[in-house]
Amino acid sequence: MRDFVGAIDQGTTSTRFFVFDHDAKIVAHHQLEHNQLLPDPGWVEHDPLEILERVRTVMRTALADGGLAASDLAAIGITNQRETTVAWDRHTGLPFMNAIVWQDVRTARAVAKIERGNAAPMVREKTGLPLATYFSAPKIQWILQNVGPAREAAVAGTACAGTMDAWLVWNLTGGARGGHHVTDVTNASRTLLMDLRSLSWDDELLAVFAVPHEILPEIHPSSGMFGDIYIEGAGSAGVPLTAVLGDQHAAMIGQVCLRPGEAKNTYGTGNFLLMNTGTEIVRSGHGLLSTVCYQLDGQPAVYALEGSVAVTGAAVQWLRDQLGIISEAAEVEGLAAEVESSGGVYFVPAFSGLFAPYWRSDARGTIVGLTRASTKAHLARATLEAICFQTRDVVLAMEEDLGHRLEALKVDGGITANGLCMQVQADVLGVPISKPVVAETTALGAAYAAGCAVGFWSGEDELRRNWREGRRWEPLWDDDRRRGAYAKWTKAVQRALEWAEP
């Protein structure tokens with residue numbers, strides 16, 4: 001009896017596998033981190049083979065720990081870190097180099113050159129995205145220009161390239177022995193190569209970045225049949241892979257933001273605030289992205305307005321891994337709680353530039369307001385406040401674009417376990433913050449999309465009945481304190497600009 005649905009959540013810092021029952025309760029899960037490779041300043045890489053091994057291990061281990069077999073799963077969905085780019089040989093199955101991560105800024109010079117060539121308006125019109133190092137096309141271009149075997153394989157017709165979902169699907173459905181080279185509309189919408197209206201690779205965009213059409217995956221809806229996955233050590237049954245979505249799009253489904261106007265903010269390595277705009281593409285005049293929200297099999301695409309923040313949870317990891325002032329990420333809450341405020345310290349974690357609404361690749365991390373009285377506790381609190389101020393930047397831009405004020409914000413992701421951070425978020429925004437009982441909404445959204453594709457869940461009404469609020473934070477700051485703190489934040493952001501040269 002196939003009583004459960006599985007979800008692979010391949011994120012920027014770790015890979016997880018979840019098994020959900022019909023009530024959206026987690027019945028099994030396992031998680032493994034992977035290495036963050038930093039070969040040069042501003043460069044961020046992952047080993048695709050390490051990630052693939054992690055995916056296979058977390059699936060096998062979660063099922064074993066839960067006493068389950070592959071035959072217990074009705075379907076599996078994949079959700080993944082977006083924009084991170086892999087290129088590999090379809091005959092050997094080996095990557096030509098490490099994956100270039102979405103945070104990587106090595107393509108800044110190439111992006112600036114394209115922008116000087118006046119292609120930016122056309123790119124923005126067709127893709128809904130600005131020209132930026134964030135997206136996949138400049139990364140593919142860099143690989144083809146700088147990695148000889150990749151360039152040669154592209155000419156010979158044996159190269160494959162795509163986002164992390166394409167790498168995983170190809171391998172999990174057979175790899176060099178017949179794996180499917182496919183992606184979905186949400187991941188394709190983050191490449192700078194797909195036209196938002198036609199939902200297909202665009203020849204003019206491909207020409208701008210010198211990317212051959214032949215190396216790219218086929219674009220599919222977010223739900224439907226992608227192939228079968230066989231899980232080593234979990235029995236001989238194949239499990240249908242019936243959903244693929246970028247992580248933030250999956251979280252929209254997991255939060256049941258399925259109607260126009262519904263929004264959520266996911267707190268992970270970065271922050272990603274999306275608002276459903278229905279079947280209408282809403283263009284931003286304030287630095288936000290127009291993107292595909294999701295497309296269910298046989299239905300039209302649903303779009304979203306998005307504000308992407310590069311570094312939020314990654315700033316906490318920086319306190320742990322680079323500064324060593326905490327030994328575990330969870331310790332940051334207790335350390336920050338030792339002081340009542342940041343003592344005038346502001347931390348702008350622009351390690352890879354600033355994303356929405358600024359889109360400034362020349363920005364770099366900046367700490368201002370230090371005095372002899374400043375302690376590691378003040379820096380910890382400034383780190384949490386930076387997460388919240390960057391979210392306010394995005395919310396204000398979204399309110400300007402849509403012409404109405406946000407009344408409350410649904411939240412999910414790892415940092416929502418930090419109650420102090422969520423209270424500061426409510427204070428900085430001046431609106432209530434609502435966290436669901438199941439905070440792992442990225443994985444849950446992939447499971448929902450996969451389960452709905454095979455009839456495990458009936459549709460939106462049933463998903464809404466599953467959503468329950470787990471905790472709520474009300475704002476405590478008055479308007480004067482909120483305005484004053486945010487004014488200092490914007491001043492700190494200005495200090496971070498014009499630091500790095502391409």
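## Ground rules

Because the model is predicted, local features need pLDDT of at least 70 and side-chain atom pairs count only at pLDDT 80 or more, while totals for chains, interfaces and linings use all residues. Residues are numbered from 1 along each chain as its sequence is written, and side-chain values use heavy atoms, with hydrogens and water left out.

## Nonpolar cores

Let's start inside. A nonpolar core here is a set of buried Ala, Val, Leu, Ile, Met, Phe, Trp, Tyr and Cys residues joined through side-chain atoms within 4.5 Å. Buried means under 20% relative accessible area, exposed over 50%, and partly exposed in between, with a 1.4 Å probe and protein chains only. The largest core has 143 residues, and Tyr134, Leu193 and Ile215 have the most contacts inside it. Helix H12 (residues 376-402) gives the most to this core, with 13 residues; helices (H or I, at least four residues) and strands (E, at least two) are DSSP runs numbered from the N terminus. Apart from this core lies another, of 35 residues, including Ala28 and Trp88.

Leucine 193 touches residues including Thr127, Ile140, Trp201 and Phe209, not counting those up to four places away in sequence. Contact means heavy atoms within 4.5 Å.

## Helix H4

Helix H4 (residues 136-146) is mostly covered, with nine of its 11 residues buried. Among them are Lys139, Gln141 and Trp142. The buried residues of H4 pack against several elements, including strand E6 (85-89), helix H2 (108-116) and helix H8 (203-209).

## Cavities

Five cavities of 30 Å³ or more are present. On a 1 Å grid over the protein atoms alone, a cavity is a set of points where a 1.4 Å probe fits but cannot get out, and lining residues have an atom within 4 Å of a point. Grid points are joined across faces, edges and corners, and a volume is the space filled by probe spheres set on the points.

The largest cavity holds about 80 Å³ of space. Its lining has 13 residues, with Val438, Leu444, Asn466, Trp467 and Arg468 nearest the centre. H14 gives the most to this lining, with three residues.

## Cysteines

The structure holds zero disulfides, a disulfide being a pair of cysteine sulfur atoms within 2.5 Å. For cysteine 293, the nearest cysteine sulfur, that of cysteine 257, is 8.0 Å away. Cysteine 293 counts as buried, because its relative accessibility is 0%.

Cysteine 452 counts as partly exposed, at 29% relative accessibility.

How values were computed: 1 Å grid on protein atoms, 1.4 Å probe; cavity = no way out; pocket = protein on both sides within 12 Å on 5 of 7 lines; lining within 4 Å.
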